[in-house]
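Please read it beside the sequence and the structure.

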Amino acid sequence: MRNFILAIFLALTLSPKVHAARIAFVGVANSSEPHQPGNEYTAETGLGAGVLLEFRLLPLFGFELGALYAPRKFSHATLSPSDAKITYTANMYQFPVLFRAHLGRTFSLGVGAYYAKAKGDLTVESVTNSGKSSQKATFASQGLSDSDYGLASSVAISFRLLPLTYLLLDGRYLMGLKNNSTVVGGDRKYNDMQLLAGLQFGF
């Protein structure tokens, strides 16, 4: 991630077309909900960060690349033991690619796709009447894939703070297309709601 951010920064600052690019450093709040027949999950919020880089292709249209650390976190209740809540957290790195249309100087809409890959194991936290425990579990042991892909959409607002500096707020919806279940006959897909907020630099 660090090398990726450095490469983007150098490309932006050394490019002869710097006037046609913007870079943003953002925090990420990611609310993720799995959809699996016969199971009911509750979306939880994972916090992360990342970088976005947009190149203007035309005066009103741009092409945006991103690298985000956006943990997926969700939970479900169990009957045995009674009143138990199990929360799963996956350290996911997402790489969105969006085509963005600018509606004036403030608003923009984006559509595209994303690829996501987990790093490390799942964290499984169990909360019962007798206390709380946490342990690691592999994706394979849970019958899950550690990668995902799907469609992405965005509604963003940017406010100018200083010359070449903007406050960026970006709401996103991600619809997973990959079956993340590795169990024969299984079916699990993810929907993610994201809020990105940070500083954007460029022309």
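How do the residues of the lining of the second largest cavity divide into nonpolar, polar and charged? They divide into 3 nonpolar, 1 polar and 3 charged. Here Ala, Val, Leu, Ile, Met, Phe, Trp, Tyr, Cys and Pro count as nonpolar, Asp, Glu, Lys and Arg as charged, and the others, Gly among them, as polar.

## Basis of the report

The model is predicted: local features need pLDDT of at least 70, side-chain atom pairs count only at pLDDT 80 or more, and totals for chains, interfaces and linings use all residues. Residues are numbered from 1 along each chain as its sequence is written, and side-chain values use heavy atoms, with hydrogens and water left out.

## The cavities

A search of the whole structure finds 2 cavities of 30 Å³ or more. On a 1 Å grid over the protein atoms alone, a cavity is a set of points where a 1.4 Å probe fits but cannot get out, whereas a pocket is an open set with protein on both sides within 12 Å along at least five of seven lines; lining residues have an atom within 4 Å of a point. Grid points are joined across faces, edges and corners, and a volume is the space filled by probe spheres set on the points.

The largest cavity holds about 70 Å³ of space. Its lining includes Arg72, Met92, Phe139, Asp146 and Tyr190, and the lining residues divide into 6 nonpolar, 3 polar and 2 charged. The second largest cavity holds about 50 Å³ and is lined by Ala20, Ala21, Arg22, Glu54, Arg56, His102 and Phe203. Strand 1 (21–35) and strand 2 each supply at least two residues of that lining; strands (E, at least two residues) are DSSP runs, numbered from the N terminus.

## The largest pocket

The largest pocket has a volume of about 400 Å³. Of its 24 lining residues, Arg22, Arg56, Gly104, Arg105 and Ser158 lie nearest its centre. Strand 10 gives the largest share of the lining, 4 residues. The lining divides into 10 nonpolar, 6 polar and 8 charged residues.

## Glu44

Glu44 is found in strand 2 (residues 42–58). Its relative accessible area is 18%, so Glu44 is buried (under 20%, with a 1.4 Å probe and protein chains only). Residues in contact with Glu44 (heavy atoms within 4.5 Å) include Asn30, Lys73 and Lys85, not counting residues up to four places away in sequence.

How values were computed
Buried < 20%, exposed > 50% of the residue type's maximum accessible area, 1.4 Å probe, protein only.
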